[in-house]
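The exercises below are meant to be worked through with the sequence and the structure at hand. Please try each task before reading its solution.

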Amino acid sequence: MTTQTILPVNAEGLSQLSKQRQEPTWLTENRLKALELAASLELPKLEKMRIERWDIQNYGSSKESGSISSLAEVPASIQELVKDQESGSLIIQRNSGVIYTKLASELAEQGVIFTDLNTAIKEHEELVKAHLHTAVTADEHSVAALHAALWNGGIFLYIPKNVAVSMPLQAVLLTDDEEATFAPHILIVADTNSSVTYVDNYVSGESTKAVTHNGAVEIFAKSGAKVRYATIHQMGTNVTDLSYRRAVIDNDASMEWIVGEMNSGDTMSDTYTILKGNGSTSDSKIIAVGSGSQKLNYTTRANHFGKSSESQMITRAVMREEATAIINGITKIEKGATKSDGQQTEKVLMLSPKARGDANPILLIDEDDVKAGHAASVGQVNQEQIYYLMSRGISREVAESLIIYGFLAPVVSQIPLEGLQKQLQAVIEGKLGQ
Amino acid sequence: MATHFTIEGLKAEIEGKEILKGINLEMKGGEIHAIMGPNGTGKSTLASALMGHPKYEVTEGSVTLNGEDVLEMAVDERARAGLFLAMQYPSEITGVTNSDFMRSAINARREEGQEISLIRFIRQMETKMKELDMNPEFAHRYLNEGFSGGEKKRNEILQMMMIEPNIVVLDEIDSGLDIDALKIVANGVNAMRSEDRGFLIITHYQRLLNYVKPDFVHVMMQGRIVKSGGPELAERLEAEGYDWVKEELGIEDETVGQEA
């Protein structure tokens, strides 16, 4: 069955929007081409789920957001997230546009660029053009195409050669107007031997009307660069989240993904590292909690091209109530990627008889001289364990929560940023209703 | 109030099969009772039924602790009422550290806002671990995960010492322990002896009873207590085995079937 994608904007409207934003011609053309593709391409094929049935047509239209000059003016919904960040590097996107940008002066002096993507295109056109939509390309399926046509706001982060940034840079992406398109694009380029940690939160406001988040993250780690990307998605039941995250990493570069999937609405996410370079390494940690009647489809991928490249992928998901999660891990090792090592683990813990979980580990190996492994498990809370804890006087509720946190702890405790660990812990607590 | 624990006519079954066929036992604070018997006679079932393991269904009888109906209580309520079972096969729980677990157990007995302070808790735990000759690292290890058989048993005793229950049931605490570990565990038990605490030691062998002197010894067969006596009974069982008891009572097969 072919499902026609209803385009939220026509070519004329899109072209006008692009002109209003004073985008260069190549970008306007890119957007228009992508819009055409969106009309002709199919939706992505999800493992064991039909995205056709999801509510994914709620793009609204592009709306300007008024910028703010101080963090005192931020909406209440994100106050907690930006607390004490006055001097830190922080970008806030609200709906279709970025409303606040701040780069710590010592980083600016070192040549770090941290700005909204529109500004970056004006000020660093060649750098952006060389990378934009080259990892997540518009011709993959209609969701990627629509993103390439519609993306707005967005973040550009560039770390120059040999610059090591120790303080994490932060972004907050907020949707609180269902009539506004919410399609941020995150582009990170870490030049040779640089290192950086970037952390963002996807949040929604009080609106209960349906919103589609169609987002893409593209990361390029040049030779010897180290990028750590941490993201927590905590949007409400009204938001359907479609997120493609992709990193292309060169020789001896390393990529670390830390993803907290804490949305309350349906979510499709695809977190993918292309290990292009020899000796490159990738590590992904995905922690997810599902509740209500959420449909969740999480995929982690590692594609090895470089020799002696290493990937590690871990997903742990807790499913409550009637939530359904399909969890896929795909490790692909190409011919010639000798001495590579790809490992993955997916675990699902179900807290109710109506919750569903499915873990699909997939290894695709075209080279003999490699190591690869996978482990997957799906199970209910172990009643023997509950009995044991209760036999020490601990109530059933506390016993269950100890076991749930225990299930997530081996991954959460490995998160190298203490603040993020605490924040994630708090979001998990909220999501588990405690 | 003096501790008083009574089991009357207790019958219990697992998956429809009756294992306990009417147990009667009375214990007071300060007393140590030993339940001995060959494998498959219902000893561990008694321990599990007292604690309220969900797989065992009590069909008849009563259990009271200081006049309160234990069988009416959920597992956690029994524990908070003062019952403690050192298990033969404690669960392993990944991600929950031993110290988080024990702190939760202690705080479960305290009112909200009256939780034990972290520093006091750590001091207490460290002291008790030292007494049991446990590596301090075990406080931060995940609960029983990767512990050897002996380490798990010590960890059970550690919990007993931290929680300070009124009625302690030790289910085969001596199995899998070498002689040094056995002595350490016995010392732990002896250190906890007090006028308001009763012990019920379930064991297959007499050897633990060389270190923890029981006041009463009961022999279990076919799901019942078939013989009771003083410490001399344990000594005779050690010297002569169980055959004389069976002969005396005309029992041919002492087991109650599938119970291990």
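**Exercise 1.** How many Å apart do the C-alpha centres of domain 1 of chain A and domain 2 of chain A lie?

*Solution.* Begin by noting that this is a predicted model, in which chain A is divided into domain 1 (11-277) and domain 2 (383-434). The C-alpha centres of these two domains of chain A lie 31 Å apart.

**Exercise 2.** Describe the side of domain 1 of chain A that touches domain 2 of chain A.

*Solution.* First, count the residues: nine residues of domain 1 of chain A are in contact with eight residues of domain 2 of chain A.

**Exercise 3.** Characterise the contact of chain B with chain A.

*Solution.* The contact takes 21 residues from chain B and 20 residues from chain A. On the side of chain B, the elements giving two or more residues are α2 (75-81), β7 (93-97), α3 (98-107) and α5 (149-163) of chain B, and the residues of that side divide into 12 nonpolar, six polar and three charged.

**Exercise 4.** Explore the largest nonpolar core, then follow V227(A).

*Solution.* The largest nonpolar core has 200 residues, and those with the most contacts inside it are A221(A), V227(A), A325(A) and V169(B). Helix α9 (residues 396-412) of chain A provides the largest share of this core, eight residues. Leaving aside neighbours within four places in sequence, V227(A) is in contact with several residues, including I188(A), A221(A) and M255(A).

Key
Residues numbered from 1 in each chain as written. Chains lettered and ligands numbered in written order. Predicted model: local features only at pLDDT ≥ 70, side-chain atom pairs only at ≥ 80, totals over all residues. Contact = placed C-beta atoms within 7 Å. Helix = DSSP H or I, 4+ residues; strand = E, 2+ residues; numbered from the N terminus. Nonpolar A, V, L, I, M, F, W, Y, C, P; charged D, E, K, R; others polar. Domains from an automatic or database assignment. Core = buried A, V, L, I, M, F, W, Y, C linked by C-beta atoms within 7 Å. Buried ≥ 20, exposed ≤ 12 C-beta atoms within 10 Å, placed from the backbone.
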